[in-house]
Amino acid sequence: MYKNVFYPLRACVGEALEIKAVKIVDESSGSRRQGMTYESILHPNANAIVSQAQYASYLPSMRVGNIDIRPGEGMDTLPISGERPFPILSPVVSLFALAGSIKTTDLGRSLSVTMRLRLGQKALIGGLCLAGFPYLPFNVNEHGENSANFGLPREIRITAISDTADSLEMFRRHDFIDAEVSTTRQQIVSHSKFHYIKIDPTYTDTIILYFSDFPEFLTGVKIGAADSAITAGLSIRYGFIIPQLYVYAYREQTRYRPPVPFGLLGLGPDRPKRPDDSAATLDTVLHRYASNFLQHSQQSDNTYIDFTAASLFGASRQYVNGRRGRTEECFISKPIKPGESIVMYVEQAEDHLRCIAGLKALIPFVPGKNLNEDIGRIADQWALLFPNSTFDPNAISNIPRDILEDMLRQYVLRIPENIDFCEKLRIRVFELDPLDGVSPLKVPLGGKHARLLADVEIDELSEILLTYYLKGIRFRRASTAAYFAIEWTNADTKPGQLVVKQLEFIQSAHVSLHPRVSRKRIVKRLRYRLIGKNLAEDYAALGQHGFNFSIERQIAGGRKFEIFRANSLLDLIQDGAAKLMSNTRTRAVEEQLTQTVGGAKDNHTTTHGNNRSSGWRKSETGSGITGSADWQGDNQPGEFDSFSNQETRQHTEVLSPIEENNHWRSNAMIGNVLYTAYELGTTAGVFLNAFSSSGNLLSSAEQTFLGPNSALIPTYENNRLYSGFVRAWRGLSDPEVLKVHGMTTVNSSPFGYNNVTKDLLDLLDALSANDLGAVGTNLIDLFFPLLLATGSGFTGTGSINIYSLAAANSLGVSLSLQPVGLGLTLSTSTGGGLIIPSYSHINSFGTQGIITHQASDVGYAYDNRLVNSYDDQRATSFTDEAASHLTSERRAVEGTDTQRIRGAEILWQNELVDIITGSVGLDIQFPAIAEEIHYRTADDCIRVRIGSGVSSDITVDFWFDILEEVVHDDY
């Protein structure tokens, strides 16, 4: 007999560790002769593995007659399933190997390769997690081996080069020639999900991987007609495909949640094959009973798509069908005759085996039996469960059944339209316990190494819904087996295809141990471990939510006797079977009385220090300021005066208008052309260079006489105030506003028409306001100048106008001697003047400098400021000497007894917790139920019944110490 330990709730998989490098260390001679090529890809996260170019090399291309058929779009993808051991963003490695030559003889066991994995940093590793490509075609040989093995080698060995943080100890350890830690896994057949290869916890950053016994892949199929006989040619290559490989850290945890990951092992049973049956030939290698829809390959795209059973245990692929759009993968079988069956072999896919209570399966079809009555019953239940729902299931009762089936195919399942559903199913579930060295695919369901767990029939809509959404298919008893078989039988009277959309196994809410078919068992002891922050808070309970459990012995589903029960912490420790490791509890609220003993000599503190603060300030300056009352004598300040002076120098550039202003553009062009007389040679050179480049006379002239470097007047195409200063102007001014357009200057004479116009406008305003005084004043202002301009003057020379409205903006008055005596002469000058206002467009440009001298004498100044800011106050104190003599007395405060502070003595995975460990001796024997004499003990079991579930504040772990002995058929 050998010792074994069963951990139904334990999990030792921590976080995924980063792999920095993968290197091929060695390769067998057989691999080299096959021309094996290897490739390793380091991915930052799992999103990168969905579509890799290497996948297509492992899928077969076909040639049927003269037609070449290739995998359809979406076949060479690996969707990421929601149920994963590590987060999607964890780093992952993909490994690929494929032989260069086609298989001619059985060489799988002679092929091997050794790789070295280097981690990003040293860590305490717990093992390796890897998964193959689940959608590969396969067949099953006489030994029960899956030919493709879902891409995984059948032998994998891990060697961890142990290390330590202590450099001296590491140096000493290297002196041991066998210090490495290794584990080897050899399996006849592997499942399609994640595999865990555990190793003793080892601190290292280097792992050696050894892969051997490579699987074989179907890469090509040829089917042709010769003399009316069908022949099939298969191209097979050795290699492996591991799209997901992780190295994980060792971290003990517990797992208590319903869904349990499972993986597909294969499909059966074997179908007899005739020499001329090409369909049977393909069926042996193309997923065995899984539909591949070769008939669709006859369309113009010449592709095929698969509907594999492995898709039930991971994410489904999405196919692109040119005729129907997108198609979604689920399991669709070949047509099954009435009474025929398909067997699906599956295996648990976690690091430890779990107790399985049943399964849930979504088997979509529209049954013909009692459909309308069944819909009515479902509607009644729907109204009870969802009273506020607006959906009424009775709405579909009047839709013809064939239309409902079309809707189910096209809109719900998104599968090909020619699927003929199997409308009555019988489902049987078996647990398998093969002997060592026997493949589970070779265990007969009617033999002694297979035990029936469930037998149901589904032919009504309510049964379909109950099978998946509510009850599921519950086993007759919980099972801890590693392998299961699901037999799907067509119980209808006509052929049909099995369609399964989802399938998941459910963990039992309790922990149980049962007899095995192939092994005798002696259950020595049940061990348990409870971890939680508040386990030792109250001896009358286990945790805050009252966790409890009992150990029972059951036979045939009924309770035989109760071995042990624990409803409280006291129940566990009173018999000495449990050990409590708890953090100390102290009162959080106490009344403390303190009395000083002795005098100043015994109780004193001498300190020195400094501080700094900042805040607001207010100041006044001037001769009338008296100051504070404390400022007397020597503290009296002088006169509050303030003097200052400064010198300011400024350099200013005046900008010329932007070139888009045509007034400035024309002025600049004329000015620069005229200035050419002084720069004729330079201007001619600029013009010739411009003309040789463009060949355009007008463009060359424009480049010569316009621009920032023009001879006299510069022009600019860009907005110089805005260009290069965009961030500063943003939100303050629009770029259009900042353009320089030049200044317009208006010059007018005080004696011109503008002044007469002004008096006329004033008169009109007075008339509209009915102001007679203003009317008279404005009449005189208006007509007196007109009178002087048009009336007669009396001088010695005759009648003249004193001044004319045509006068300019200057007026001259002079005396002159005339022949008849003294006379008065009025003269006007038009030089530089205007009769009407003149307008000119003026702009100055260039640079100028200014020097300014300033001096000020402030006789009085008042400054009152509010500093709206953070006040920073810092103080530093240094204790030179201190002494204190006290006596203290602590007293309980009534009503605060439950307010306690936990100590920090017990630490588990960096958290302060209480831990309870214990064991219960059992010494119960389970005979091997394969022996006919013990058949009636099949339902004997030991069960740990978890009464109220497991809340989030507590972690629960139960495990069994077992002695086992294999029972062989030759005993």
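1. Rings of Phe, Tyr and Trp (its six-membered ring) count as a pair if their centres lie within 6.5 Å; planes under 30 degrees apart are stacked, over 60 edge-to-face, and the rest tilted. By this rule the structure holds 24 aromatic pairs. The rings of F133 and Y135 show how a pair is classed: their centres are 5.5 Å apart and their planes stand at 85°, so the pair is edge-to-face. Both F133 and Y135 are buried (under 20% relative accessible area; exposed is over 50%, partly exposed in between; 1.4 Å probe, protein chains only).

2. A word on the source. This is a predicted model, where local features need pLDDT of at least 70 and side-chain atom pairs count only at pLDDT 80 or more, while totals for chains, interfaces and linings use all residues. Residues are numbered from 1 along each chain as its sequence is written, and side-chain values use heavy atoms, with hydrogens and water left out.

3. Now take F214 and F240. Their ring centres are 5.2 Å apart and their planes are at 85°, so this pair is edge-to-face. The pair links distant parts of the chain, 26 residues apart. F214 is in the loop between strand 11 (195-212) and strand 12 (216-226), and F240 is in strand 13 (residues 229-254). Helices (H or I, at least four residues) and strands (E, at least two) are DSSP runs, numbered from the N terminus. F214 has a relative accessible area of 1%, so F214 is buried. F240 is buried too, at 0%.

4. Which residues do ring pairs link into a cluster? They are Y55, Y58, F96, F133, Y135 and F217. Y135 also has a charge over its ring: the charged end of R317 sits there, 3.9 Å from the ring centre. (The rule: NZ of Lys or CZ of Arg within 6 Å of the ring centre and within 35 degrees of the ring normal.) Likewise, the charged end of R720 sits over the ring of Y716, 4.5 Å from its centre.

5. Look next at helix 10 (residues 697-705). S700, T704 and F705 are buried in this helix. They cover an arc of only 115° around the axis, which puts them on the same side of helix 10. The arc is that of the directions from the helix axis to the C-beta atoms. What covers these buried residues includes helix 8 (662-674) and helix 9 (680-694). After helix 10 comes G707, whose phi is positive, near 140°.

Methods:
Contact means heavy atoms within 4.5 Å.
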